[in-house]
Amino acid sequence: MKQWTMKSDRDSNGNPIDFEAFGEKFHVSKILARLLVNRHLNTVDRVNKYLFGQLKHLENPYLMKDIEKAAKLIKDAGQKKFPIRILGDYDVDGIMSCYILKEGLRICGLEADVRIPNRILHGYGMNPALVEEAYHDGIKLLLTCDNGISAGQAIEQAKMLGMQVIITDHHEVPYELLEDGTKEYNLPPADAIVNVKQIDCPYPYKGICGAYTAFRLIQVLYDACLGIKTEQGILKELLPLVGYAALATVCDVMELTGENRILVKEGLKLLPQTENLGMQTLIKECGLEGKTLNSYHFGFILGPCLNSAGRLYSAGDALSLFFSTEDTEQRIEQAKWLVSLNQQRKQMTEDGTKQAIAMIEKKQKEGEEIEDVLVIYLPSCHESIAGIVASKIKDRFFRPTIILTDPAKGSPLENTGIVKGSARSIRAYSMYDKLSECKNYLLKFGGHPLAAGLSLEKEKIDAFRKALNQNSGLTKKDFIEKISADMILPFSELSSSMVEELELLQPFGNGNDDPIFGLMDVQILSARYMGAKNQYLKLIVTDSSKRQLEAPIFHDVDVFIEGLCEKYGNDALENLLAHRQKDYRINLLYCPEINEFNHQKTIQIRIRDIQF
């Protein structure tokens, strides 16, 4: 169930806001003025930083706990020619973190090799097997990125073997919940820990990803190597790395507020200018060459291609693209392979999602109430896509969702009776905290309030499910997804200049949603299928102004068809497809956008939600 709300046009005292005067003050339209106020941007400083923030406005990297200590350790090890190994993770954030550290060390005149764990063989993050391997390879300094904060046992082993360990991470610090309700944090015994989630880290912005954490370390390391201290801005030698940190920020679904917004806004401009031949090739093979990139291109086109390697094969195959040789054919072949892998991953995700939905709907038809926390065991679902399936189920049913799967073929956990899982949550439910409460059922877990990974014995699945649901703390109102529209906007108000002005609010994403407009009593004139598999619908809609606009539906087409037929009869879709105009009315939440086709630009609306 979804609940629509309209943002207020009054201030905290109940007085009407003069959006026209606000717009004149900042030289923007009345509509954009309202959108800014809706984002709580109501002061000169906030508006200027939001609209015109630059890299020089990023936080001071020296505020990060242990960052200078970590830089000194790396510099000293490099100057002594001690072998350094970067140990990353297999998602986009991990891959970009590895690239930033290795390339950043090169810029600083230092060297390191890279090891990314195999998702199937090693699991997530630093572990004893990788530590043992590093020791036998003669490594003296282990440098983690996007992992390590929960690897206490492995780090203790590395220290016993005589290695130094530096952690760069952004995940939650593990803790024990004491009887009085307080948390006792368990930091691993590393030589330096750069993670803003540490309770005593003074860095003011806590929502950064692993790659940006790594980038900040490279800034301080570069300063250390030059003998200077750059507290604001980014030296030009390091600018090429900004786009990679921005890509990771979007793909790891960090909030696009504060300095993340500045980072991504600038990174979207810088990444297409990269001199890295591998990234140039990937951009071209994804059909983005010469285009103005936005956060959608990062999160739904480039990022998934990189992620697919770590999911289905090895993330090292994706990372190697960025350190490829001058062999153009080899780069093109590798980039094409990543694109094809992503297509394979999409099909596997679609199959797993359909299977999970069918299981939930079967229970509903049998009279069972849907549980507060969905724990779904899909033994045939590839463990690498469990998180994506969990996300789609969470979006569909608006419930915290955990997808459990059997370990993939070739995994050390194969045939051991252990299942692995990925979890995605809603804001009312901290997945990490709730897993902590049920850790007695688990063998291993870690993550964030909104996403986590876990493993447990198969025989404990039912008990684990019951424990989570008995102590969910959720109420019925938590299961109502709230969509807040900015304002009512008739189609007659839409113009190319108005839609282009909305681009000032980019980049859109988590924490900075697209502008959403509402309109009631919209008539559907016709519909047609589109997409390679006819998986999407494009509607032609009109309002009281009689202006007709195209309105594609890219998500939950089946939900739309079900609602349409329930309201207007089983022949309603057939009538629309045959262009037989009927008085089919809907209420809309939509985002206007410019559609460019055959060098022609037209306004269309992207549907966010429909009520019949």
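1. Buried means under 20% relative accessible area, exposed means over 50%, and partly exposed is in between (1.4 Å probe, protein chains only). At 51% relative accessibility, Lys72 counts as exposed. Asp76, with a relative accessible area of 25%, is partly exposed.

2. A word on the source. This is a predicted model: local features need pLDDT of at least 70, side-chain atom pairs count only at pLDDT 80 or more, and totals for chains, interfaces and linings use all residues. Residues are numbered from 1 along each chain as its sequence is written, and side-chain values use heavy atoms, leaving out hydrogens and water.

3. A salt bridge is a side-chain nitrogen of Lys or Arg within 4 Å of a carboxyl oxygen of Asp or Glu. The structure holds 36 salt bridges. Lys72 and Asp76 form one, at 2.8 Å from N to O. Both lie in helix α4 (residues 67-79), four residues apart, about one turn of the helix. Helices (H or I, at least four residues) and strands (E, at least two) are DSSP runs, numbered from the N terminus.

4. Glu550 and Lys538 also meet in a salt bridge (3.2 Å, N to O). Glu550 lies in strand β18 and Lys538 in strand β17, so the pair ties together parts twelve residues apart in sequence. Lys538 is buried, at 11% relative accessible area. Glu550 is partly exposed, at 28%.

5. Which residues of helix α3 (residues 44-52) are buried? They are Val47, Tyr50 and Leu51. Seen down the axis of α3, they fall within an arc of 85° (taken from the directions from the helix axis to the C-beta atoms), so they line one face of the helix.
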